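User: Could you take me through one part of this model up close? I would like to look at the annotated active site and then at the packing around it.

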Amino acid sequence: MTDTNELIRLSAADLAAKLSAGDVTSVEVTQAYLDRIAAVDGQVNAFLHVNAEEALAVAAEVDAIRAAGGAAAEELHELAGVPIAVKDLIVTIGQPTTAGSKILEGWHSPYDATVIKKLRAAKMPILGKTNLDEFAMGSSTEHSAYGPTRNPWDLERIPGGSGGGSAAAVAAFEAPLALGTDTGGSIRQPGAVTGTVGVKPTYGAVSRYGAIAMASSLDQIGPVSRTVLDSALLQEVIGGHDPQDSTSLTDPFDNLVAAARTGNVEGMKIGIIKELHGEGYQAGVENRFNESLELLKDAGAEIVEVSCPNFKYALGAYYLIMPSEVSSNLAKFDGVRFGLRVLPKEGPMTIERVMGATRAAGFGDEVKRRIILGTYALSAGYYDAYYGSAQKVRTLIQRDFDAAFAQADVLISPTAPTTAFKLGEKLNDPLAMYLNDVATIPANMAGVPGLSLPGGLADEDGLPVGIQLLAPAREDARLYRVGAVLESLLEEKWGGPLLDRAPELQAPALDAANTVGGSN
Amino acid sequence: MSADTILSFEEAMEKYDPVLGFEVHVELNTKTKMFSSAPNVFGDDPNTNVNEVDLGLPGVLPVVNKAAVESSIKIGLALNCKIAESCRFARKNYFYPDTPKNFQTSQYDEPIAYDGYLDIELEDGTVFRVEIERAHMEEDAGKLTHMGGAAGRIQGADYSLVDYNRAGVPLVEIVTKPIEGAGSRAPELAKAYVAAIREIVKNLGVSDARMERGNVRCDANVSLRPHGQERFGIRSETKNVNSLRAVEHAVRFEIQRHAAVLDSGQPVIQETRHWHEDTRTTTSGRAKSDADDYRYFPEPDLVPVVASREWVEELRATLPEPPAERRKRLKEAWGYSDLEFRDVVNAGVMDSIEETVAAGASASAARKWWMGEIVGRAKTADVDPAELGVSPQTIVELNGLVEEGKINNKMASQVLDGVLAGEGTPAEIVEKRGLAVVSDDGPLLEAIDAALAAQPDVAEKIRGGKVQAIGAIVGGVMKATRGQADAGRVRELILEKLGVEG
């Protein structure tokens, strides 16, 4: 039996090896994480729901299969018994799914998302559901209706968003792995500011069935982890064609783990995107970015500079396409069939007024802002100027990527322009908040895969900086190949994982076990 | 609600020229729904044929039903349309609780079929070409039942019940171009057009085509303009006119109503109208203006539907003969008069006659049997003639027995009763019931002598050349032989006996 504090700091790959070797049981691992959640989540608020009972039952099942040996034990998935946290935008039988919104408070899905079915098939205990900006709209998790998640590096700072809960859970050693969703950077930007790894796979590489849609043409489920290899392992579990998602690809993505294990950049061309660094990027972010470039060059990569001139329109176009789809996708939340229903306080009781009262009470400001924006952008007479033009920009961004990938195998940029900012700092300035995603949005607009990994700490504030890698559509393996090399070079330089430098979270004086564990 | 003033139809026609347009919704009879794997079945308990997709629960995604696309292409081909090589779905956004997602997944600017036509034959044989603008795929909405209010409307209802069994049922909406030049035949054309669409989709096997179940639903657009004016008048759209008769009546009523409005110097209001079968009138529904904004945009959860030319040609090769062409071909082949053929069609035995002819009977014999013997029995039994239980082979056999002179028509009718009673094949029944025609002339000649002796005055008339009087003698012989004689042979023998040329 390993010391539990040591156990929770292991990577998923190492945990899997120990489980397989019989050094530790899944119940021990799962309980260690549940204990950690009980100890620190009162401060971090990464979890909206803890699924202790079911997680322990799955862990016990895995342990029993392993103990019995034979064919069933042989057939266990490599990650069987390794726990995972799930962003609360993804529907799960047996646990509430809120999307971080009051409008879904207490709602239980009668069906599992495809990725959840895959986790269950792999027998990975699900620790619980993680916090997010309401309906994944935000870059700080402050737009959650259930309170903000805090950054384990500095509890006064944001953990990024929308998937701040998943990133913070992994960074605070409350889970070895988590699922996120990325529409404009919601996996990668939280990864950057919490010193974790996050991957947005190629659009269509992972089924979206059961991920509550924000912007259908941009949304993608992906892995959140502490190492590049762990993300590769997880993407192979959740990926693959799904007949229930028409936009899912039929290509096999089965070379990701191999790519992460045999990382090598010799002779590769890595392109710096001229438009995604420099002005507007924090000095400490630039420094760590340049340091990564030097390391890659030393490892045998050729660094080239590419230009993507239309990326400057990406943010504007994104804020037309995304809200347009939002306005339609969120129309179903009307109080008629599920979720919150609010009756008008006075006046006639008509269906329109019930819908109106429900949406007025159930949605937060940022959600309303985007619904209004999208409704306007799709309106007759404005459609061509707004939605239509934005789609043209999208095509131009795709062409920029095509041209860039003709010159480089992989592109590289900082993941976010700054390190984690203070809670509340940008809450009243939506445009400043939106700028956090300036480097991550182009990948969603073009459907190409992107990975963010820790690039070190900014000199001025000692907070994590993220390095983003981008590859052509369907070439997710390249991200893992380059990411693994850069990760090992950096860890060599740091003398260990970046998260070792994060401050210890102190368990509060009160016993949090009963409050958190008991919320199940 | 005050009753609308109307002009007489004749007066309306004197003053104005009607322009029509139709949107016909056809529910497809696919096994599953347009975008989900839930069963597409009519009449089950409410909300039993639904899954998370039909209910629009958070996180769900649609998947296009390939069988529905096939059916849509077939409809497009049958309407002489072009089939889009690639087309997309779009979202039509509006808040209403019969649509679980608060948008309907439909097609907007990229219909799967477009630019077609349909030749409509009116009852007197006039052929009128109706141009088809488009036929597009979409999903049906759920069914709302408003409780406690007046007239089943949502306004004033205490509460509403919703059944999502119909939500997501595949629909093809067929939209005509404006139909000009129908004149006073507009109501008749309206009925004939909807009847033709219903017949085509039924013939294709893509819809149950039962209007009373809403499988085929018609929205009828009517506008009037003064004779000689090119510009269209303002139209009204009468929704959900769901029987052929109602289509005809609704168009007629709207023409009369518009004419009265225009005569009064008022503009026609662009609006939807509700059809009332009981009073055969329409009443004002929702004002419909061009300001209706459904904020259409391409459905991002679906990839474009690609219809390769090979696939389209494969489907074209499977199309059955168009009903109108088939009727024309059969009528010519069978040599029936217009009246005979219409009776056959109206009696619903065209298919049965075709099968009977194919089994070896002549067209006239087949018609004689179906129209003369089977239709009446079917009516008595209250079933469709084809379902009575008479196979084409039975008719061929029966008819053969008559033609060979083994039995006469009267016996044949009894044999048919025997077949329907399950007594065996016609030959077996003839044997069992002892129904063979008396073909030995000996007993016949005796009976003829007796009959001539009994009616000497008739015999005299025949000898005098009044051959038509022979029926009385034949009748006497038939009576004496209890109907077992061959009447034709009896006639021959009588004439022979009396030395008269037939």
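This is a predicted model: local features need pLDDT of at least 70, side-chain atom pairs count only at pLDDT 80 or more; totals for chains, interfaces and linings use all residues.

Let's begin with the core and then move to the site. The largest nonpolar core holds 254 residues, and those that touch the most other members are Ile84(A), Ile90(A), Leu127(A), Ala178(A), Ile75(B), Ile112(B) and Tyr193(B). Helix H3 of chain B, residues 186-204, gives this core its largest share, eleven residues. A second, separate core has 29 residues, including Ala347(B), Val357(B), Val402(B) and Ile407(B).

Now to the site itself. The "active site" annotation comes from an unreviewed UniProt entry and covers Lys87(A), Ser162(A) and Ser186(A). These three span 100 residues in sequence, yet no two of their C-alpha atoms are more than 10.8 Å apart, so they gather at one spot.

Take Ser162(A) to start with. Ser162(A) sits in the loop between E3 and helix H7 (164-171) of chain A. It has 35 C-beta neighbours inside 10 Å and therefore counts as buried, given that 20 or more are needed for that label. Setting aside neighbours within four places in sequence, Ser162(A) is in contact with Leu132(A), Asp133(A), Ala136(A), Met137(A), Gly138(A), Thr141(A) and Ser186(A). The backbone here deserves a look too: the peptide bond joining Gly161(A) and Ser162(A) is cis, with omega about 10°.

One of the contacts of Ser162(A) is Thr141(A), and its backbone is also worth checking. Thr141(A) lies in the loop between E3 and H7 of chain A. Its phi is near 65°, a positive value in a residue other than glycine. With 34 C-beta neighbours inside 10 Å, Thr141(A) counts as buried.

Ser186(A) comes next. Its place is in the loop between E4 and helix H8 (188-194) of chain A. Because Ser186(A) has 37 C-beta neighbours inside 10 Å, it counts as buried. Leaving aside residues within four places in sequence, its contacts are Ala136(A), Gly161(A), Ser162(A), Gly163(A), Gly180(A) and Thr181(A).

In H6(A), residues 114-121, the buried residues are Thr114(A), Val115(A), Ile116(A), Lys118(A) and Leu119(A). They pack against strands E2 (84-87), E3 (126-130), E4 (177-181) and E6 (221-225), and against helix H9 (228-238), of chain A. After H6(A) comes Lys123(A), whose phi is positive, near 60°.

Finally, a look across to the partner chain. The contact between the chains takes 37 residues from chain A and 24 from chain B. On the chain B side, 14 are nonpolar, four polar and six charged. Inside chain B, Ile75(B) touches Val26(B), Ala113(B), Ala135(B), Val172(B), Val201(B), Leu204(B) and Val206(B), not counting residues up to four places away in sequence.

Terms used. Residues are numbered from 1 along each chain as its sequence is written. Chains are lettered from A and ligands numbered from 1 in the order in which they are written. A nonpolar core is a set of buried Ala, Val, Leu, Ile, Met, Phe, Trp, Tyr and Cys residues joined through C-beta atoms within 7 Å. A residue is buried if 20 or more other C-beta atoms lie within 10 Å of its own, exposed if 12 or fewer, and partly exposed in between; C-beta atoms are placed from the backbone. Helices (H or I, at least four residues) and strands (E, at least two) are DSSP runs, numbered from the N terminus. Two residues are in contact if their C-beta atoms, placed from the backbone, lie within 7 Å. Ala, Val, Leu, Ile, Met, Phe, Trp, Tyr, Cys and Pro count as nonpolar, Asp, Glu, Lys and Arg as charged, and the others, Gly among them, as polar. UniProt positions are given in the numbering used here, feature names are shortened, and annotations may be inferred rather than shown by experiment.
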